[in-house]
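Subject: Structure handover

Hello,

Here is the structure I promised to pass on. Please open it first, then read my notes below.

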Amino acid sequence: MKRFSDINDPQDGRMPLTVKNYILLAAGFAVIVLGFVLMAGGGSDSPDVFNQAMFSWRRITLAPLLVVAGFAFEIYAIMKRF
């Protein structure tokens, strides 16, 4: 049976994620949420009027790039070994 000091060994190769990994995961999640927030909106008040604001550069280009970059950063945060 393992002792408690053996279980909490910082050099243990079996610990997959560290605190730094979780911080990077939180940062990536924040970038993904920011991308979805920037993508939201663009509707019109009246169904008879078409609003061109939904085709803005922010909603069509910037927000999807942020979401994809956030997911790529999440993969990096999981795979990075400290």
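Which pattern does the chain follow, read along the sequence? The pattern is α-α-α. The chain holds three helices and zero strands. Helices (H or I, at least four residues) and strands (E, at least two) are DSSP runs, numbered from the N terminus.

A word on the source. This is a predicted model, where local features need pLDDT of at least 70, side-chain atom pairs count only at pLDDT 80 or more, and totals for chains, interfaces and linings use all residues. Residues are numbered from 1 along each chain as its sequence is written, and side-chain values use heavy atoms, with hydrogens and water left out.

The chain as a whole

Of the 82 residues in the chain, 18% are buried. Buried means under 20% relative accessible area, exposed means over 50%, and partly exposed is in between (1.4 Å probe, protein chains only). The areas come from the Shrake-Rupley method with a 1.4 Å probe; for residues, only the protein chains shown count as cover.

Now the contacts, meaning heavy atoms within 4.5 Å. Take those between residues at least 6 apart in sequence: 74% join residues at least 24 apart.

Aromatic pairs

How many aromatic pairs does the structure hold? It holds two. Rings of Phe, Tyr and Trp (its six-membered ring) pair if their centres lie within 6.5 Å; planes under 30 degrees apart count as stacked, over 60 as edge-to-face and the rest as tilted.

Phe 50 and Phe 55 form a tilted pair, 6.0 Å centre to centre, with 40° between the planes. Phe 73 and Tyr 76 also form a tilted pair, at 5.9 Å and 40°. Phe 73 and Tyr 76 both lie in helix α3, three residues apart, about one turn of the helix.

Phe 73 is partly exposed, because its relative accessible area is 30%. Tyr 76 has 42%, so Tyr 76 is partly exposed too.

Leaving aside neighbours within four places, Phe 73 is in contact with Leu 24, Ala 27 and Gly 28. Phe 73 and Leu 25 are 48 residues apart in sequence, and their C-alpha atoms are 7.8 Å apart in space.

The nonpolar patch

Phe 50 sits in the loop between α2 (19-39) and α3. Phe 55 is partly exposed, because its relative accessibility is 49%. Phe 50, Met 54, Phe 55 and Ile 60 make a nonpolar surface patch of about 410 Å². Patches are made of residues with over 30% relative accessible area and no salt bridge; like charges are joined within 9 Å, nonpolar side chains (Val, Leu, Ile, Met, Phe, Trp, Tyr) within 5 Å. A salt bridge is a side-chain nitrogen of Lys or Arg within 4 Å of a carboxyl oxygen of Asp or Glu.

Pro 64 is in helix α3. The C-alpha atoms of Pro 64 and Met 39 are separated by 7.6 Å.

Lys 80 lies in the segment after α3 (57-79). Where does the charged end of Lys 80 sit? It sits over the ring of Phe 82, 5.5 Å from the ring centre. For this, NZ of Lys or CZ of Arg must be within 6 Å of the ring centre and within 35 degrees of the ring normal. Lys 80 and Asn 21 are 59 residues apart along the chain, with C-alpha atoms separated by 7.2 Å.

Best wishes
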